[in-house]
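I wanted to look through one chain and note how its parts are arranged. My entries follow.

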Amino acid sequence: MSHDHACTDPSHHVHDGDAFVHEVERACEQRGLRLTPIRAHALRLIADAGRPVKAYELLDQMKATHDAAAPPTVYRALDFLLEHGFIHKLASINAFVGCHHPGSAQHAVPFLICDRCQSATELEDERIVETLDRRARELGFTPQAQTLEVHGVCAACAAEERQASA
């Protein structure tokens, strides 16, 4: 299957944690932002997870290496990373994933979320975003943010299910 954009390819991933943090460090430097050690550590854990991570799961992982890792500290780090587009929040499952393009401008991104394995695929498709925006404006609605999360079963889980029933 051919994909219009790398982000629509389910095998596409942010990078390993170190490469991801390095890319965000460059973006922070260009934008005049400060990536503190706690923020960088949270970012690395999110990137390395390879799946959506809940805040308290992140807190538990961070406590192992940062004594200062308390809920407010972790939430402040997540707020910073969200605000600057380095991660995305999946509201329906209250979890966070790394952005596939942390060095780019903030963007609305639909996600495909597997209800079996909890994987989340960032489906960067400007046509979807533009269609939602246009339809909202046609209805007299002024959109300020978009979050589109589609729940279902990923290809890997569907294949596993077919094999189990065969």
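I took helices (H or I, at least four residues) and strands (E, at least two) as DSSP runs, numbered from the N terminus. From the N terminus on, I read the order α-α-α-α-β-β-β-β-α-β-α, which comes to six helices and five strands.

The model is predicted: local features need pLDDT of at least 70, side-chain atom pairs count only at pLDDT 80 or more, and totals for chains, interfaces and linings use all residues. Residues are numbered from 1 along each chain as its sequence is written, and side-chain values use heavy atoms, leaving out hydrogens and water.

I next looked up burial. Buried means under 20% relative accessible area, exposed over 50%, and partly exposed in between (1.4 Å probe, protein chains only). Of the 166 residues in the chain, 37% are buried.

Then I turned to helix H4. Which residues of H4 are buried? I found Thr73, Val74, Ala77, Leu78, Phe80 and Leu81. Seen down the axis of H4, the buried residues fall within an arc of 160° (taken from the directions from the helix axis to the C-beta atoms), so they line one face of the helix. The face turned away from the buried side carries Arg76 and Glu83, both exposed.

What do the buried residues of H4 pack against? I listed helices H1 (17-31), H2 (37-49) and H3 (55-63), and strands E1 (87-90) and E2 (95-98); contact means heavy atoms within 4.5 Å. After H4 comes Gly85, with a positive phi near 75°.

Last, I checked Leu148, in the loop between helix H5 (126-138) and strand E5 (149-152). Leu148 counts as partly exposed because its relative accessibility is 30%.
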